[in-house]
Amino acid sequence: MIVYIRLLKESFGFAMNALRNNKLRTFLSLLGVTIGIFSIIAVLAAVDSLDRKIKKDLSSLDSKTILIFKYPFGPSNVPRWKIEQFPEMNYEEYLYLKNNCTKTGTLSYQYFTNNQNIKNESVTASSVSIRPCTFEYADIDLLELGEGRFFNESESNTGRNCIVLGYDIADALFSGSNAINKEVRLYGQRFTVIGVLKKVGERMVSIGPNPDNSAYIPLNKVRAMYGDSNDAFTPIIVAKPIVGATLEDAQDEITQKLRLKRGLKSSDDNNFFVNLLKGAADQIESIISSLNLMGWIIALFSLLVGGFGIANIMFVSVKERTNQIGIQKSLGAKRKFILFQFLFEAVILCLFGGLVGIFLVWIIAVILSAALDFEFVLSFGKILLGSGLAIFIGLLVGIIPAYSAAKLDPVEAIRSGM
């Protein structure tokens with residue numbers, strides 16, 4: 001064991017000598033390994049951070065959320081022109097599904113609509129995402145109230161002039177002061193603020209716009225003002241299965257009940273889509289996997305070039321130290337000792353280049369996390385992965401130069417080195 005520790009120490013010394021004595025040559029050779037490790041770890045860390053952010057956003061929505069809509073939330077075999085002829089969801093269908101579906105626990109009806117301005121006396125919040133919805137939507141999107149409350153079933157059914165503001169909107173209109181029971185103007189009418197949401201932060205995945213820049217009002221208020229057939233409002237029904245029911249069971253029941261409500265025959269195709277949030281999450285996972293694969297392919301080419309550079313250093317090192325190898329072997333050094341000496345040297349050089357690459361990724365991660373509203377995470381696992389790859393490349397490209405040094409004849413080595 002002591003012999004191998006001494007061997008590792010000597011190999012480290014030789015590697016440092018290579019760095020000091022041939023700075024430019026060693027720098028250019030290590031650059032390939034540094035770029036390769038940097039590329040792999042940067043891409044994997046970026047994709048990992050993106051994956052964490054998306055999963056965090058999706059955690060605010062139940063993965064079993066079902067969205068009944070005129071349009072699909074992904075690729076469809078139904079032609080676009082045919083989809084455009086499908087009828088919109090309506091309030092009666094929402095009530096029918098709510099009263100007749102036994103496998104759905106929470107079911108909400110909402111409108112997608114154009115952004116509007118909201119006023120508080122002389123202060124205006126521009127381009128606010130207006131979210132007309134029924135009272136159940138707070139449970140669907142798991143909205144958290146910082147102040148006040150969400151409108152209840154009675155207020156939802158009667159269409160009371162009440163409103164729940166997103167954090168940023170309340171802050172813009174009331175400058176951080178208490179907004180509860182204050183009045184704002186929307187659609188030419190006065191609405192009483194009954195709740196303000198907690199700050200959510202930037203979301204990458206959400207059903208509709210970010211809650212921070214949204215305002216929620218009873219859907220029946222909008223229906224009373226504009227009717228059920230206004231092109232400015234696109235309706236959607238959102239549902240969750242009850243505890244114990246599978247996603248497929250709830251989806252099948254909704255499909256069956258809605259076909260019955262719309263009078264579709266067994267030979268007729270569905271004129272609606274029962275979309276699954278889980279399906280959207282699976283598509284995102286597929287995209288992330290593809291990004292990971294692309295990152296590996298691109299970075300491996302860089303590692304290949306860097307590996308050739310390290311191999312070149314090692315062949316030159318063997319050539320320069322031929323006389324020394326001959327002396328070591330004449331004094332009794334075994335082939336295994338010489339082989340490990342050069343192999344360790346290659347590994348140390350690659351590991352040095354890899355650690356530089358990982359350090360650069362860490363610096364960039366710190367800068368991006370501070371500059372953007374996005375947490376760029378470089379996990380310990382990725383650091384270990386980068387270090388392991390560097391060691392593997394060192395072993396791979398160092399074995400041939402090390403073997404060629406180990407098999408040198410001591411007499412010929414001393415003679416050719418003189």
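Here are a few questions and answers about the predicted model shown above.

Residues are numbered from 1 along each chain as its sequence is written. In this predicted model, local features need pLDDT of at least 70 and side-chain atom pairs count only at pLDDT 80 or more, while totals for chains, interfaces and linings use all residues; side-chain values use heavy atoms, with hydrogens and water left out.

Reader: How many helices and strands are there in the chain?
Author: Good place to begin! Both are DSSP runs, numbered from the N terminus: helices are H or I with at least four residues, strands E with at least two. Counted that way, the chain has 14 helices and 11 strands.

Reader: Is Ile-391 buried, partly exposed or exposed?
Author: Ile-391 sits in helix α13, which covers residues 380-406. Buried means under 20% relative accessible area, exposed over 50%, and partly exposed in between (1.4 Å probe, protein chains only). Ile-391 has 34% relative accessibility, so the label is partly exposed.

Reader: Which residues does Ile-391 touch, not counting those up to four places away in sequence?
Author: A contact means heavy atoms within 4.5 Å. Val-347 is 44 residues from Ile-391 in sequence, yet their C-alpha atoms are 5.3 Å apart. The residues touched are Val-347 and Leu-351.
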